[in-house]
Amino acid sequence: MTSLPARLHHRAGFWSGAADRLVLCYEDRFLRRRVLRSEGGLDILVDLPRTTDLAEGDALETLDGQLVEIVAAPETLLEIRGDLPRLAWHIGNRHTPAQIAADRVLIREDAVMRDMLVRLGAELSAVSEPFLPEGGAYGMGRTHGHDHGFGYGSGHGHGHGHGHDHGRDHRHGHDHGTAHAQPHDHGQSHGFSHGHPDVHGHAHGSPPVHRADD
């Protein structure tokens, strides 16, 4: 069966008159190109210009002008109650998507998170509801989570590549005057790729002593 392409995305509140619906779970609402089956049995080839977080109430427009509404599907979630400010802090510290209300927090079912929350004294129950978590700051939609592993400590490594080219040599010259109590090695990689020569001129230790007859 030929799929009907849909390349236009309309945010909730800026369209009307749905011809069909796509009922999607949280993971399936984050996409760029995929074939999806609508509630009415239509195969729709979603082909967006960039990866997009489709929200409840958004719509996709097919090439023939039909508007297909995005509906959040019910899924298994973990309902969290208790000391919510403290619990929400720990959930956010693990970069876990969360739906936040005044009296509860919802996250996707996760054995590691469940164990952590039990240790923190949370009241937990399984529910089946659409998952509508908070998006990123400044209206940027969902964010990509970090995997902190199974430990609850604060030590975690993020491999972020920073590359920026200033277009000119970047020279650092500074005289420390006296010797450092702790030596440091400038040959060590700092994890930043600046894209420009980085020449360090250090005069470590005391300045040279000149004889009176020089």
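1. Two strands pair if DSSP finds at least two bridges between them. By that rule, strand E7 (residues 74-81) and E10 are partners, with 8 bridges joining them. The two run antiparallel. One of the facing pairs can be named: Leu77 has Val127 in E10 as its bridge partner. The model is a predicted one, and every point below should be read with that in mind.

2. Start with the whole chain. It has 214 residues, and buried residues make up 29% of them. The chain holds 2 helices and 14 strands. Its accessible surface comes to about 14000 Å². Carbon and sulfur atoms account for 51% of that surface. Contacts in the chain reach across the sequence: among those between residues at least 6 apart, 67% join residues at least 24 apart.

3. Next, the sheet that holds E7 and E10. This open sheet has 4 strands, in the order E8-E9-E7-E10. Pairing in the sheet is antiparallel. E8 and strand E10 (123-130) stand at the edges, and each has a single partner strand, so one side of each lacks a neighbour in the sheet.

4. Strand E4 (residues 43-53) deserves a look. It is largely enclosed by the rest of the structure, because 8 of its 11 residues are buried. Which strands pair with E4? Strand E1 (residues 4-10) pairs with E4 in the parallel sense, over 3 bridges. Here Pro5 stands opposite Leu45 of E4. E3 also pairs with E4, in the antiparallel sense and over 7 bridges. In E4, Asp43 is the residue opposite Arg37.

5. E2 and E6 run parallel and are joined by 5 bridges. Arg21 stands opposite Glu69 in E6. Strand E5 (residues 59-62) runs antiparallel to E6, with 3 bridges between them. Leu60 faces Val68 of E6. E5 and E6 form a hairpin with 4 residues between the strands, where Gly65 takes a positive phi near 90 degrees.

6. What does Glu56 touch, leaving out residues up to four places away in sequence? The list is Ala12, Ile70, Val71, Ala72 and Leu132. Glu56 itself lies in the loop between E4 and E5. It counts as partly exposed, at 37% relative accessibility. Ala72 is 16 residues away in sequence, with 5.5 Å from C-alpha to C-alpha. A polar atom of the Glu56 side chain lies 2.5 Å from the backbone nitrogen of Ala72.

7. Arg29 is a residue to check. It lies in the loop between strand E2 (20-24) and strand E3 (30-37). Arg29 is buried, yet it has no salt bridge. Glu75 is the nearest side chain of opposite charge, at 4.5 Å. The cut-off for a salt bridge is 4 Å, from a side-chain nitrogen of Lys or Arg to a carboxyl oxygen of Asp or Glu. What does the side chain of Arg29 reach at 2.6 Å? The backbone oxygen of Phe131.

8. His95 is partly exposed, with a relative accessible area of 36%.

9. Last, Leu117. Is this residue buried or exposed? Leu117 is buried, with a relative accessible area of 0%. It is found in helix H2 (residues 111-119). Beyond its neighbours within four places in sequence, Leu117 is in contact with Leu78, Ile80, Leu87, Ile91, Ile107, Ala122 and Leu124. Leu117 and His90 are 27 residues apart in sequence, but 8.5 Å apart in space, C-alpha to C-alpha.

Note on methods: Residues numbered from 1 in each chain as written. Predicted model: local features only at pLDDT ≥ 70, side-chain atom pairs only at ≥ 80, totals over all residues. Heavy atoms only, no water. Buried < 20%, exposed > 50% of the residue type's maximum accessible area, 1.4 Å probe, protein only. Lys, Arg positive; Asp, Glu negative; His and termini not counted. Polar contact = N/O pair within 3.5 Å; in protein donor to acceptor, adjacent residues only side chain to side chain. Contact = heavy atoms within 4.5 Å. Areas by Shrake-Rupley, 256 points an atom, 1.4 Å probe, with all protein chains shown as cover.
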